Structures are given as structure tokens and as C-alpha cells.
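Subject: Aromatic pairs in the structure below

Dear colleague,

I am passing on the structure below, together with some notes on its aromatic rings. Please look through it alongside the text that follows.

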Amino acid sequence: MSARVRFALAGLAIVASLVISLAVARAGVEMSTGIRYAYDVGALDTCSSKAKAALAAYLQNVTEKTPGSGEFQAYGKPDSSGQTTAGAIVRCAAVGKGFVVTFTCAVQKPGSFFDADALCLNIAHNFSGKTETALATPTPLPSGCSTTNLVGTWVSDNDSKLILTMDVSGGLTDPDGVSGNWYLVGKTVTLTYYGNKTMTLSADGKHINGSGAAYTRKC
């Protein structure tokens with residue numbers, strides 16, 4: 001079997017491994033393959049050390065799939081549900097007096113804030129000493145009693161059991177799963193929840209009232 005065929009088969013196994021690790025019913029998996037460096041002269045140990053360092057720069061828990069295999073894998077930090085949304089494998093193989101190294105990455109979509117190509121390119125550039133580009137990171141969720149949004153938990157002033165959770169996208173839900181929407185322009189609130197209500201946000205961002213309803217934000 002030729003070296004090219006062996007690498008092709010190994011690549012398929014790598015892709016399958018990452019897909020199995022990241023694939024979940026509610027999401028798809030975006031793959032990146034094809035980055036390959038060939039060095040005419042170089043020790044395999046050098047490749048292994050650089051592969052581990054490159055993976056560790058962007059992911060965590062770097063391990064060699066099988067001792068002596070030259071195939072190193074790592075995954076992103078688990079999210080609040082215990083799932084990881086990114087993974088990569090760097091594979092080193094001796095060829096003549098040098099080595100060949102390949103890079104395969106996968107990210108969960110939706111879930112990951114960066115794509116698989118960006119992750120793989122940065123890992124490959126870290127390995128080779130080329131310029132790396134900062135990966136996208138999540139925008140921090142608004143917190144506190146902001147006067148520019150209604151994000152947070154709101155309790156009815158008339159019924160402490162009536163709690164509205166308002167999210168950053170303008171949606172809201174109550175404890176029974178009933179959903180609605182909110183919209184804020186200046187201090188004027190349009191609340192869609194069992195009908196439309198026009199309300200006013202207080203100067204401290206803590207209260208909204210109007211149309212026969214009133215809520216206080218926990219913050």
C-alpha cells in the first residue's frame with residue numbers, strides 16, 4: 001500500500017473519530033481537512049512536540065490516541081451542558097528522513113463561535129511558526145439593571161409567582177413556558193405577553209410599569 005493511500009485511509013478514520021465525538025442530534029458538524037506540511041528532514045519527536053504545543057494553544061486535554069501512533073487529539077472546553085463544540089487531530093508520520101503532518105478539525109454548528117477552517121489554520125500556523133489570527137469569542141451577555149436592554153429576570157409586583165425571563169434576542173418566557181417578546185426604544189417598552197402592553201422603564205433600569213402591569217428586575 002502506498003504512503004498516499006495510507007494517509008487517505010488515516011484521514012477518513014480521523015474525520016469519523018471527530019464526527020462521532022462532536023455530533024449531537026440538535027446540531028451539525030463542520031469539518032476542515034486538507035492542511036498538510038511535508039518536511040524533507042526532521043525528527044518525528046520534533047513533530048510530536050510541536051503538534052502537542054499547537055493543539056494546546058487552542059484546545060485542552062491533548063492526548064496521543066495510541067502511544068507511539070503520532071496522532072494527537074484535543075477538544076474544546078465543555079459548555080454548560082457538558083458538551084464540547086470543537087476538536088482537532090494533528091497526525092505526524094515519518095517519511096524518509098523527514099515527516100509529514102496533517103491537520104483535521106471539527107466544530108459543532110450551532111455552538112462554536114468560530115469555524116473549523118479558522119481553528120485548523122491557526123493550529124497549523126502555530127505548528128509552523130506562521131502568523132495566527134484571533135478566533136471569534138462570544139459576546140458577554142448583558143447583566144445588571146441596564147437602561148439599554150431588558151435582559152434578566154423580572155418579577156410581577158402584583159404576583160410574586162409570575163416571573164418573566166427576558167433574553168438578549170428580545171424574547172421572554174414565564175414559568176409555564178408561555179413565550180412573548182420585548183422591545184425597548186429609549187425608556188418606552190413594548191411588551192408582548194398575553195397581548196401588547198406599552199410600559200415605561202425606570203431611570204435605574206429596575207422597574208417597568210404601564211398598561212395595568214408592573215415588574216421589578218432582579219439585579
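Which residue lies over the face of F127? K50 does, at 4.8 Å from the ring centre, where a charge sits over a ring if NZ of Lys or CZ of Arg is within 6 Å of the ring centre and within 35 degrees of the ring normal.

Please note that this is a predicted model, in which local features need pLDDT of at least 70 and side-chain atom pairs count only at pLDDT 80 or more, while totals for chains, interfaces and linings use all residues. Residues are numbered from 1 along each chain as its sequence is written, and side-chain values use heavy atoms, with hydrogens and water left out.

Rings of Phe, Tyr and Trp (its six-membered ring) pair if their centres lie within 6.5 Å, and planes under 30 degrees apart count as stacked, over 60 as edge-to-face and the rest as tilted; by this rule there are seven aromatic pairs. Y39 and F127 form a tilted pair, because their ring centres are 6.3 Å apart and their planes stand at 55 degrees. This pair links distant parts of the chain, with Y39 in strand 1 (residues 28-39) and F127 in helix 3 (residues 116-128), 88 residues apart; helices (H or I, at least four residues) and strands (E, at least two) are DSSP runs, numbered from the N terminus.

F127 is buried at 2% relative accessibility, whereas Y39 is partly exposed at 26% (buried means under 20% relative accessible area, exposed over 50%, partly exposed in between, with a 1.4 Å probe and protein chains only). Ring pairs also join Y39 and F127 with Y37, F99 and F103 in a cluster.

Best regards
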